[in-house]
Amino acid sequence: MEDTAIISITRGRGGQVEAEGPIDALASALLDRAGFIRQPTLSGTWHRLPFDMGEEWENEHASYAADMLRAARYAIRLDPALTPGNRHAPHSPRQGASPIPASAAPAAVPRTR
């Protein structure tokens with residue numbers, strides 16, 4: 001018996017990466033943010049990554065989606081085959097996503113009486 005309270009991110013039989021389970025509006029928005037596409041079907045909505053983007057890209061985005069969903073307190077099952085190799089710390093696969101350098105932080109405003 002499958003637990004229906006868990007969102008599963010797996011690689012399907014056709015090679016596509018898909019998310020299945022109790023996907024509400026917030027979970028759907030987080031999947032969108034990670035690069036998943038919503039595709040309507042006769043039985044609901046299919047959440048999948050774009051086809052033919054390369055296994056490394058798919059693994060990064062699937063893992064990023066799982067990290068965001070876990071942070072939002074969803075129960076997640078991520079297919080172990082989708083875990084990127086040598087992953088030391090979670091990071092965003094979005095292009096240009098990097099920490100703000102210290103020099104860009106606003107300077108302290110002097111106090112006046």
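Modeller: Start with I37. This residue stands opposite R48 in strand 4. The model is predicted.

Biologist: How do you know that strand 3 and strand 4 pair?

Modeller: Count the bridges. Strand 3 and strand 4 (residues 44–48) share 5 of them. Pairing needs at least two. So the two strands count as paired. Their sense is antiparallel, and a hairpin of 2 residues joins strand 3 to strand 4.

Biologist: What is the order of the strands in the sheet?

Modeller: The open sheet has 5 strands in the order 3-4-2-1-5. The pairing is mixed.

Biologist: What makes strand 3 and strand 5 edge strands?

Modeller: Strand 3 (37–41) and strand 5 (76–78) each pair on one side only. From one strand to the next, the twist averages 25°.

Biologist: How do you know that strand 1 pairs with strand 5?

Modeller: There are 3 bridges between strand 1 (residues 7–11) and strand 5. The cut-off is at least two, so this counts as a pair. These strands run parallel. Within the pair, I7 stands opposite I76 in strand 5.

Biologist: Why is S8 called buried?

Modeller: S8 lies in strand 1. Its relative accessible area is 9%. Buried means under 20%, so S8 is buried.

Biologist: What makes S8 and R77 a polar contact?

Modeller: Their side chains are joined at 3.2 Å.

Biologist: Which strands does helix 2 lie across?

Modeller: Helix 2 (residues 55–71) lies across strand 1, strand 2 (17–20) and strand 5. The helix runs at about 175° to strand 1.

Biologist: How are two packed helices described?

Modeller: By the angle between their axes and the distance between the axes. Here, the axes of helix 1 (residues 25–33) and helix 2 come within 9 Å. They cross at roughly 145°. The crossing is right-handed.

Biologist: Which residues of helix 1 and helix 2 meet?

Modeller: From helix 1 come A27, L30, L31 and R33. From helix 2 come Y64, A65, M68 and L69.

Biologist: How many residues of each class does the contact of helix 1 with helix 2 have?

Modeller: The contact has 7 nonpolar residues, no polar ones and 1 charged one. Ala, Leu, Met and Tyr count as nonpolar and Arg as charged, so R33 is the charged residue.

Methods:
Residues are numbered from 1 along each chain as its sequence is written. This is a predicted model: local features need pLDDT of at least 70, side-chain atom pairs count only at pLDDT 80 or more; totals for chains, interfaces and linings use all residues. Side-chain values use heavy atoms; hydrogens and water are left out. Helices (H or I, at least four residues) and strands (E, at least two) are DSSP runs, numbered from the N terminus. Axes are lines fitted to C-alpha atoms, for helices over the stretch in contact, and angles run from 0 to 180 degrees between N-to-C directions. Contact means heavy atoms within 4.5 Å. A crossing is left-handed if the near helix is turned anticlockwise from the far one by less than a right angle, and right-handed if clockwise. Buried means under 20% relative accessible area, exposed over 50%, partly exposed in between (1.4 Å probe, protein chains only). A polar contact is a pair of N or O atoms within 3.5 Å; within protein, one must be able to donate a hydrogen and the other to accept it, and residues adjacent in sequence count only if both atoms are side-chain atoms.
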